[in-house]
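This report goes through one protein model, from its overall build to single residues. Please keep the sequence and the structure in view while reading.

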Amino acid sequence: GRVAIVPLADPGAARALTTASCDRVFAAAGHTLCLGSDQGIVSTYTAEVWRDVDHQTQNLPLTGVPSRARLSDDAKLAATTSFVSGDSYAAANFSTRTVVSEIGTDRSLDLETFRLIHQGRTIKPTDRNYWGVTFASDDDAFYVTVKFGGKTWLASGRLSTRTVQTIRSDAECPSLSPDGSRVAYKELGTRGPGDWRLAVLDIATGKEVSLTEQHSVDDQVEWLDDDQVLYGLPGQGSHAAETNVWVVPADGTGAPRLLIEKAWSPAVVR
């Protein structure tokens, strides 16, 4: 889990290894969000934000196994998701906690306290779970996954009004494009629980395109630019214990290609 850095112009170049170890990492605006775990006799979990890889600036709430990590473009907000029980989104029973924290203050918001609006009315399902936040550029709007009644939904939310509203079913782990016009996510494939395929939704038109990656992708993708998305995949055969970062066009054309070997949890520093 060592945090490493490669240049965008040459992602296959020798990587700069840092001293930091993370299960999940994200970076923006000179800040790095690191979710970590120590699997000792009693497991402990940490969420930390640094101004750079050697200078810790803030500890954030994290109550379980690290799952998803995001910063807003200006690094004023951090979102963390952890498994409180269970350790897979494919499991029948799991519970998550997703918290949005304001960097530089002790202010944090648990999304389960937000008002949930579904098909035009407020609902309060006791089994609701949220995960995979992605922020819009205004530091108010965001997208997130919410699950209740055995079904997952892509949802939009606003921090200012403490509301979340469902948009589209069977969509998980959203990631907003840099220009804010599209959102990428994984959706349930045809091979049952645990089979996820990548898709991109045009927010203005509501048109969805399926991407050409044929492997199941259990990841919250990252955008390389406005035209391509990044994601992690396990290796095959004798390399199944390894993970690699792949890239694929976001318009449903082209073929996936390997971008960075033996890597995971990519973040593009713009």
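What radius of gyration would a compact globule with 270 residues have, and what does the protein have? The rule gives a value near 18 Å, and the protein has 18 Å, which agrees. The radius is taken over C-alpha atoms, and the globule rule is 2.2 Å times the number of residues to the power 0.38.

## Basis of the values

This is a predicted model, in which local features need pLDDT of at least 70 and side-chain atom pairs count only at pLDDT 80 or more, while totals for chains, interfaces and linings use all residues. Residues are numbered from 1 along each chain as its sequence is written, and side-chain values use heavy atoms, with hydrogens and water left out.

## Overall build

The protein has zero helices and 24 strands. These elements are DSSP runs numbered from the N terminus: helices are H or I with at least four residues, strands are E with at least two. Along the principal axes, the C-alpha trace spans about 55 × 45 × 40 Å.

Of the contacts between residues at least 6 apart in sequence, 38% join residues at least 24 apart; a contact means heavy atoms within 4.5 Å.

## Surface and charge

Of the 270 residues, 49% are buried. Buried means under 20% relative accessible area, exposed means over 50%, and partly exposed is in between, using a 1.4 Å probe and protein chains only. The accessible surface is about 12800 Å², and carbon and sulfur atoms account for 50% of that surface. These areas come from the Shrake-Rupley method with a 1.4 Å probe; for residues, only the protein chains shown count as cover.

## Aromatic pairs

There are two aromatic pairs. Rings of Phe, Tyr and Trp (its six-membered ring) pair if their centres lie within 6.5 Å; planes under 30 degrees apart count as stacked, over 60 as edge-to-face and the rest as tilted. Phe 114 and Phe 142 are edge-to-face, at 6.4 Å centre to centre and 65° between the planes. Phe 114 is in the loop between β10 (108-110) and β11 (115-118), while Phe 142 is in strand β14 (residues 141-148), so the pair links distant parts of the chain, 28 residues apart. Both Phe 114 and Phe 142 are buried.

The rings of Phe 148 and Trp 153 have centres 6.4 Å apart and planes at 10°, so this pair is stacked. Phe 148 and Trp 153 are both buried.

## Selected loop residues

Leu 224 lies in the loop between β21 (222-223) and β22 (228-234), and counts as buried because its relative accessibility is 17%. Leaving out residues up to four places away in sequence, Leu 224 touches Leu 8, Val 229, Leu 230, Val 247, Val 268 and Arg 270.

Gln 119 is in the loop between β11 and β12 (121-123). Its phi is near 50°, a positive value in a residue other than glycine, and Gln 119 is exposed at 66% relative accessible area. Arg 162, in the loop between β15 (151-158) and β16 (163-169), has a positive phi of about 55° although it is not a glycine. Arg 162 is partly exposed, at 31% relative accessibility.
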